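Subject: Structure handover

Hello,

Here is the structure we discussed. Please have it open while you read the notes below.

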Amino acid sequence: MNKKICIVAGARPNFVKVAPLIRAIDKIEGAAYQLIYTGKEDDPTLEENLFEDLQMPRPSIFFNVDSTKLNEITSRVMSEFDDYLDNHSTDVVIVVDDLASTMAAAIVTKKRGVKLAHLVAGTRSFDINMPKEINRLVIDALSDYLFTAGVKSNSVATREQGETSQTYMVGNILMDSLRFNRDRLKRPQLDIEEGNYIVLTLNRKALFADREHLTELLRTIVETVPDVPVIAPLRNQAREVVEEMNLGINVVQPLSYLEFGWLSAHAKAIITDSGNVAEEATFNMIPCITLNSYTEHKETVTVGSNVLVDGDATKLRESLQLLMEGKWKTCELPNRWDGRTAERIMHVLLG
């Protein structure tokens, strides 16, 4: 059986979810893939050790789209991907997550009559003012295969598609990477004591837009846990903003994938605005506080170690106090976080 698969990635975190897919494809006789990165070939976030850590090849094709304007990203990726499909026979396109570039590739795929698979489908914030929410709605509506990570996402995708045969709860592919790399994690060269530090990650622009509010949240952290170091491996704007605040948070250089994996797996707790980081915390059974009012992955809250504080400093303080008192909620692994998600996806695509 010959199957030509195109995988489109639009940002560094996508590759953590793509790596297991590539390993699964490589095991199947007659299946072939090409990996596209819509960004620049010299993107500084794609350091060489990322692909070494993930045990995967670099993308074979780069679109070199470099813009912060979402509509410009969309139009340029659509043009580049249309040209790609002109020159490459493709049976199915797999798009990852919810970026503008993801949506662009999805639109072109359907216009060209090629099968479209969305990983991870059915995730929603239910805030239509978020550009990513619009991307999710469009991509899911167009997809022939909706690969979901959990029960909640499955019900959302099925309800909106109206066709249950297109929705597949394959599990959380991030867990495939975490399980594969569990014994390969590297301790970073930081002066830390295992189990006695808090990891802070920040990424969402909405948080940086209100400096006063963000300052209140970060000050709450350092005042509530004054004797626990807060380690923050941050990039770009996040790094500049937190350093300017000068609140005593230990801002460090961005870590490699395997180093950050070690740091988060051995922390006392994690404070984040990232759904992926919250998922990793649940996998490691590490208490996690998400600063947002929502999470796209409900199972990290309903089953896992994650709590939402809705951007509220009082709720943040209360959660940190519970942590320090040793009263964090009990948690367990959600369903199908077993490391076999990529295998299930390929079974569907080749079935």
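Of the 351 residues of the chain, 58% count as buried. Buried means under 20% relative accessible area, exposed means over 50%, and partly exposed is in between (1.4 Å probe, protein chains only).

A word on the source. This is a predicted model, so local features need pLDDT of at least 70 and side-chain atom pairs count only at pLDDT 80 or more, while totals for chains, interfaces and linings use all residues. Residues are numbered from 1 along each chain as its sequence is written, and side-chain values use heavy atoms, with hydrogens and water left out.

Overall build

The chain has 15 helices and 13 strands. These are DSSP runs numbered from the N terminus: helices are H or I with at least four residues, strands are E with at least two. The C-alpha trace spans about 60 × 40 × 35 Å along its principal axes. The radius of gyration is 20 Å, which agrees with the value near 20 Å for a compact globule of 351 residues. That radius is taken over C-alpha atoms, and the globule rule is 2.2 Å times the number of residues to the power 0.38.

Among contacts with a separation of 6 or more, 66% join residues 24 or more positions apart. Contact means heavy atoms within 4.5 Å. The accessible surface comes to about 15,500 Å², and 46% of that belongs to carbon and sulfur atoms. Areas come from the Shrake-Rupley method with a 1.4 Å probe; for residues, only the protein chains shown count as cover.

A pocket here is an open set of points on a 1 Å grid over the protein atoms alone, with protein on both sides within 12 Å along at least five of seven lines; a cavity is a set where a 1.4 Å probe fits but cannot get out; lining residues have an atom within 4 Å of a point. Points are joined across faces, edges and corners, and a volume is the space filled by probe spheres set on the points.

Three helices each supply at least two lining residues to this pocket: α1 (14–26), α7 (173–181) and α15 (341–350). The lining includes Arg23, Asp176, Phe180, Glu343 and Met346. By class it has six nonpolar, one polar and five charged residues. Nonpolar covers Ala, Val, Leu, Ile, Met, Phe, Trp, Tyr, Cys and Pro; charged covers Asp, Glu, Lys and Arg; the others, Gly among them, are polar.

Eight of its 10 residues are buried, so α15 is largely enclosed by the rest of the structure. Met346 is one of the buried residues, and Met346 also lines the second largest pocket.

One cavity

There is one cavity of 30 Å³ or more. The largest cavity has about 60 Å³ of space. Helix α6 (residues 151–161) gives the largest share of its lining, three residues. The lining divides into two nonpolar, four polar and five charged residues. Arg124, Lys152 and Glu296 are among them.

Backbone points to check

Leu119 and Val120 are joined by a cis peptide bond, with omega about 15°. Val120 sits in strand β5 (residues 115–121).

Two asparagines have positive phi. Asn64 has phi near 60°. Asn64 lies in the loop between β3 (61–62) and α3 (70–87) and is partly exposed, at 35% relative accessible area. For Asn236, phi is about 45°. Asn236 lies in helix α10 (residues 236–245) and counts as exposed, at 58%.

Best wishes
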